[in-house]
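Hi,

Here is the model I said I would pass on. Have a look at it first, and then read my notes below.

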Amino acid sequence: MLLDNNSLRSNNKLLAALPKSDFEHLAPHLELVSLTSGQSIYEAEEPIKYVYFPGTAVISLLCTMDNGSSVEVGLVSKEGMVGIPVILGDDITNITAIVQVPGNALRIDADTLKTEFDRGVAIQDLLLRYVKTVYIEITQCAACNRLHTLEERLSRWLLTVSDRLNSNEFPLTQEFISHMLGVRRSGVTVAASTLSKAGMINYHRGNIKIINREALEASSCECYKVIRNEYARLLDNSPQHNCY
């Protein structure tokens with residue numbers, strides 16, 4: 001499905017941050033696609049054919065062990081892109097990308113994006129700063145998973161999903177959350193029950209609603225604000241301010 005340039009650009013914050021001239025090099029190659037819950041964007045150790053710039057969809061980046069257990073190491077939506085290895089000169093990764101929340105995304109052929117990236121204009125600067133932001137998020141989450149309680153981690157994760165979706169209500173099962181946080185489902189049940197009894201969230205039949213965001217932020221560890229502020233800084237310092 002093809003859209004006009006303005007619609008394409010507004011669908012994703014990272015694309016919207018590009019100067020108009022740089023975006024126009026990409027626009028003819030961008031395609032709007034619908035992504036379904038649980039859909040695999042790419043698998044570990046397989047070539048990445050397309051790079052995705054999510055709009056309303058939310059995509060989880062998972063690291064899976066030999067025994068089949070997995071943990072989320074990244075969460076991407078309208079603020080970023082899925083397929084970072086491509087711009088770093090490789091199309092193979094050890095990460096699996098799975099659609100967590102269904103929605104739309106813009107996709108572009110991996111080789112085409114790499115060609116534009118290698119032109120060395122503003123898109124290269126923006127995407128490299130995005131890589132740095134993702135690096136900070138991954139390292140912060142690694143520390144968070146080791147040092148913070150499950151309730152703090154769950155609070156941080158729910159706030160992040162809420163920000164990415166721009167909504168306080170979203171569909172998520174406890175089983176899915178347990179995979180994302182790398183813990184037993186029973187642990188998620190206890191942590192979610194604690195947050196619910198404290199009046200922070202409401203959970204019913206796979207649907208979560210944040211009803212007291214201020215309290216949930218207080219319940220979260222500092223990692224939420226560190227990651228949120230880094231993404232805000234990425235877009236605040238983007239070349240878009242010099243576009244018009």
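Before the details, some housekeeping. This is a predicted model, so to speak of local features I needed pLDDT of at least 70, and side-chain atom pairs count only at pLDDT 80 or more, while totals for chains, interfaces and linings use all residues. Residues are numbered from 1 along each chain as its sequence is written, and side-chain values use heavy atoms, with hydrogens and water left out.

Pockets first. I worked on a 1 Å grid over the protein atoms alone: a pocket is an open set of points where a 1.4 Å probe fits, with protein on both sides within 12 Å along at least five of seven lines, and lining residues have an atom within 4 Å of a point. Grid points are joined across faces, edges and corners, and a volume is the space filled by probe spheres set on the points. The largest pocket comes out at about 330 Å³. Its lining has 18 residues, with I84, P85, I95, V134 and I138 nearest the centre. Strand 5 (70–76), helix 4 (84–87) and helix 6 (122–147) each put in at least two residues, and helix 6 gives the most, with 5. (Helices, H or I with at least four residues, and strands, E with at least two, are DSSP runs numbered from the N terminus.) By class, this lining has 15 nonpolar, 3 polar and no charged residues; Ala, Val, Leu, Ile, Met, Phe, Trp, Tyr, Cys and Pro count as nonpolar, Asp, Glu, Lys and Arg as charged, and the others, Gly among them, as polar.

The second largest pocket has about 260 Å³ and 13 lining residues, of which K13, D163, R164, R228 and Y231 lie nearest its centre. Helix 7 (150–165) and helix 11 (223–236) each supply at least two of the lining residues, with helix 11 giving the most, 6 residues. The make-up here is 5 nonpolar, 2 polar and 6 charged.

On the annotation side, an unreviewed UniProt entry has "domain: HTH crp-type" over residues 148–214. In the model that stretch is 58% helix and 16% strand, and its end C-alpha atoms are 19 Å apart.

Two non-glycine residues have positive phi. E45, at about 70 degrees, sits in the loop between strand 2 (40–42) and strand 3 (50–54). N166, near 55 degrees, is in the loop between helix 7 and strand 8 (169–171). With buried meaning under 20% relative accessible area, exposed over 50% and partly exposed in between (1.4 Å probe, protein chains only), E45 counts as exposed at 55%, and N166 does at 63%.

Now back to strand 5. Since 5 of its 7 residues are buried, strand 5 is largely enclosed by the rest of the structure. Strand 4 (residues 58–64) pairs with strand 5 in the antiparallel sense over 6 bridges; pairing takes at least two DSSP bridges between the strands. L62 has E72 as its bridge partner in strand 5. The two strands form a hairpin with 5 residues between them, and G68 in the turn has a positive phi of about 95 degrees.

Last, I98 in strand 6 (residues 96–101) is buried at 15% relative accessibility. Leaving aside residues up to four places away in sequence, I98 touches G38, Q39, S40, V58, I59, S60 and L62, where contact means heavy atoms within 4.5 Å.

Cheers

Methods:
UniProt positions are given in the numbering used here, feature names are shortened, and annotations may be inferred rather than shown by experiment.
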